[in-house]
Amino acid sequence: MAQAVEEWYKQMPIITRSYLTAAIVTTIGCSLDLVGRMFMVDELEADGFALFANLDFLFHMFFLARYCKLLEENSFRGRTADFFYMLLFGATVLTGIVLVGGMIPYVSESFARIIFLSNSLTFMMVYVWSKQNPFIHMSFLGLFTFTAAYLPWVLLGFSILVGASPWVDLLGMIAGHAYYFLEDVYPRMTGRRPLKTPSFIKALFADEPVVVAQPGNVRFAAPAADELHQD
């Protein structure tokens with residue numbers, strides 16, 4: 001069992017493995033009082049993207065391990081720098097929303113309760129994956145089926161149903177849609193790509209070209225990339 005978990009962990013792509021490790025170590029450290037929460041907030045505010053609330057730990061670890069891995073291995077295969085830039089963009093957008101929202105009357109109180117944005121960043125990955133794979137059929141707890149395009153809304157409804165604040169999921173959806181629009185929709189409309197990964201970030205990652213064989217006659221082959229993107 002331990003060996004299987006170790007192999008599963010080693011087979012994760014670099015960004016997913018690094019982020020998952022940071023999230024687990026930070027959360028366990030706070031749970032065991034090895035790292036004080038107030039210290040984390042006051043001195044290491046950036047680590048808020050790696051800190052998960054204890055009650056949501058397993059739930060969001062699943063989404064982080066699954067959808068972060070799916071994105072890095074498929075949509076961003078061979079483009080580690082682009083994937084890292086997507087997470088950096090999402091973290092920046094989420095931080096900006098919370099800072100600005102904290103100054104707006106009527107909603108400032110809700111934003112003031114949001115200290116750690118790791119759950120929102122994970123939900124952003126779920127949203128981006130759903131936009132890039134809208135036709136995949138899914139099932140929610142075996143109760144009903146739907147296509148992946150509706151996955152963020154199903155999870156948002158579930159959060160509301162169990163009494164959780166919808167703001168965390170909504171922030172992730174906003175950041176995810178901002179990335180999807182600027183990376184997929186806007187370039188098709190104008191021919192310009194505003195989210196081009198800076199060269200200094202590309203220099204950090206040595207991506208190698210990936211050649212994927214396309215079988216000539218596969219009944220259940222995945223849709224072409226162009227078919228997966230919807231405005």
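Here are a few questions and answers on how some labels in this predicted model were reached.

In this predicted model, local features need pLDDT of at least 70 and side-chain atom pairs count only at pLDDT 80 or more, while totals for chains, interfaces and linings use all residues. Residues are numbered from 1 along each chain as its sequence is written, and side-chain values use heavy atoms, with hydrogens and water left out.

Q: Why is the pair of Phe76 and Phe83 called tilted?
A: Rings of Phe, Tyr and Trp (its six-membered ring) pair if their centres lie within 6.5 Å; planes under 30 degrees apart are stacked, over 60 edge-to-face, and the rest tilted. Phe76 and Phe83 sit 5.2 Å centre to centre with 50° between the planes, so tilted it is.

Q: What makes Phe83 count as buried?
A: Buried means under 20% relative accessible area, exposed over 50%, and partly exposed in between (1.4 Å probe, protein chains only). Phe83 comes in at 0%, so it's buried.

Q: Why is Phe84 called partly exposed?
A: Its relative accessibility is 30%, so it lands in the in-between class.

Q: What does the pair of Phe84 and Phe205 tie together?
A: Phe84 lies in helix H5 (residues 80–101) and Phe205 in the loop between helix H10 (199–202) and helix H11 (225–228), so the pair links parts 121 residues apart in sequence. Helices here are DSSP runs (H or I, at least four residues), numbered from the N terminus.

Q: How do you know that Arg66 lies over the face of Tyr67?
A: The rule wants NZ of Lys or CZ of Arg within 6 Å of the ring centre and within 35 degrees of the ring normal. Arg66 is at 5.3 Å from the ring centre of Tyr67 and is listed as lying over its face.

Note on methods: Helices (H or I, at least four residues) and strands (E, at least two) are DSSP runs, numbered from the N terminus.
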